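Student: I want to learn how to read a few features of a protein model. Please give me the general idea each time, and then the case at hand.

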Amino acid sequence: MNKFNKKTFSYMKDSELTYTKEDREKTLKKIKNRTQNKNRFFNYKRKVMPILSTSLIIVLVTILLSPNLQVSNEANQENSTIPATSPKEEVSFSALLIGEDSTNHRNNLTILLTFNSHNNSMKLVPLPPDLYINIFNGEGDIVEKDKIIHALPVNSNPEAVLNTVSHLFKIPIDYYSIVPKQDIYNVMGHSIDDEGKFISPKELVISLEKVSFKQFKTLMEKGENNLDEETLNYLAPLGNRHESIRAIDIEAGTEEKNINGIYYKQIKKEILEKTSNILNEHIGKNEPTIK
């Protein structure tokens, strides 16, 4: 050993330079542990790599197919009868569909309707034009007793018709829509030429029950109205369905009257009360109330 090496290791004792059997066993043990850890790593790598590769392939396939999935979803939405923006909460409302005669501005057709989104049902009550009742003005005051057909011309205000019908059935009326009577006839399947002919109350009831929710929506929103888009959207998803639309024939519960040579019809009290209860219950009013 040269001088440098001697000097370098001169501080060590002889005992520290001795490689014992115990040292050998410790060294072998360390080597064994390192080998085992290395084997564990490679075993783990062999198990995990196929899984990672499969996952990567799935991700790549999903990315490549996502445009097609989007197109498919858009197509399904177009074919669906329920819009994505359709209302979710339940609602009920009442409305008056007023069929106006353009020549004399009388409400030749007056149809009270109620709608309940809980079971997507609608009830309709066509009022006989000769019905003899109290006529109210827009301020809610009685102005005369006459045929309901004269309610609109009282002050050319739909509020007069609303107040008149609301007090008759003791039901709040939320909305109205005034449309030409010809449009209502057309929707019911009667041509304009048929207007001058007598349409029996029974035939009117049958015709109204064949009108779909979509047709009612279109009819109500095209005329002068106070309806809001959110309310109309409750009818939109129901499309061409009409099976849950029911018309109530109150004409059968009327009596003919002749006052000063003028023909009238007066509704029986029990029929009026029964109809009022049906309509109020349909919109969730347990007790009939006057608006």
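Student: Is N260 buried or exposed?
Tutor: N260 is exposed because its relative accessible area is 76%. Before we go on, note that this is a predicted model, in which local features need pLDDT of at least 70 and side-chain atom pairs count only at pLDDT 80 or more, while totals for chains, interfaces and linings use all residues. Residues are numbered from 1 along each chain as its sequence is written, and side-chain values use heavy atoms, leaving out hydrogens and water.

Student: Where is N260 found?
Tutor: Helices (H or I, at least four residues) and strands (E, at least two) are DSSP runs, numbered from the N terminus. N260 sits in the loop between β9 (254–259) and β10, and β10 covers 262–267.

Student: What is the phi of N260?
Tutor: Most residues other than glycine have a negative phi. N260 is not a glycine, yet its phi is positive, at about 55°. The hairpin of β9 and β10, with two residues between the strands, is the setting for this value.

Student: How many bridges join β9 to β10?
Tutor: Strands of a sheet pair through backbone hydrogen bonds, either parallel or antiparallel. Two strands count as paired if DSSP finds at least two bridges between them. β9 and β10 run antiparallel and are joined by six bridges. In one of these, T254 has I267 of β10 as its partner.

Student: Which residue other than glycine has a positive phi near 60°?
Tutor: That residue is H105. H105 belongs to the loop between β1 (92–100) and β2 (107–116). With a relative accessible area of 42%, H105 is classed as partly exposed.

Student: In which order do the six strands of the open sheet lie?
Tutor: The order is β7-β6-β1-β2-β3-β8, and the pairing is mixed. β7 (224–225) and β8 are the edge strands, as each of them pairs on one side only. β3 (residues 121–127) runs parallel to β8, with three bridges between them. Across from M122 is I245 in β8.

Student: Is N107 buried or exposed?
Tutor: N107 has a relative accessible area of 1%, so N107 is buried. N107 is part of strand β2.

Student: What does the side chain of N107 make a polar contact with?
Tutor: A polar contact is a pair of N or O atoms within 3.5 Å; within protein, one must be able to donate a hydrogen and the other to accept it, and residues adjacent in sequence count only if both atoms are side-chain atoms. The side chain of N107 has such a contact, at 2.8 Å, with the side chain of T110. If neighbours within four places in sequence are set aside, the residues in contact with N107 include I98, G99, I148, H150 and V161.

Student: What does the side chain of N137 reach at 3.0 Å?
Tutor: The side chain of N137 reaches the backbone nitrogen of G140. N137 lies in the loop between β4 and β5 (142–147), and N137 counts as buried because its relative accessible area is 12%. Beyond four places in sequence, N137 touches V143, N155, E159, A160 and N163.

Student: How far apart are E251 and P201 in sequence and in space?
Tutor: They are 50 residues apart in sequence and 6.4 Å apart in space, C-alpha to C-alpha. E251 is in the loop between β8 (245–247) and β9. At 16% relative accessible area, E251 is buried. P201 is also among its contacts outside four places in sequence, along with P128 and K265.

Student: How many residues line the second largest pocket?
Tutor: On a 1 Å grid over the protein atoms alone, a pocket is an open set of points where a 1.4 Å probe fits, with protein on both sides within 12 Å along at least five of seven lines; lining residues have an atom within 4 Å of a point. The second largest pocket has 17 lining residues, and N134, H167, L168, K170 and L272 lie nearest its centre. α8 contributes the most to this lining, with five residues.

Methods
Buried means under 20% relative accessible area, exposed over 50%, partly exposed in between (1.4 Å probe, protein chains only). Contact means heavy atoms within 4.5 Å.
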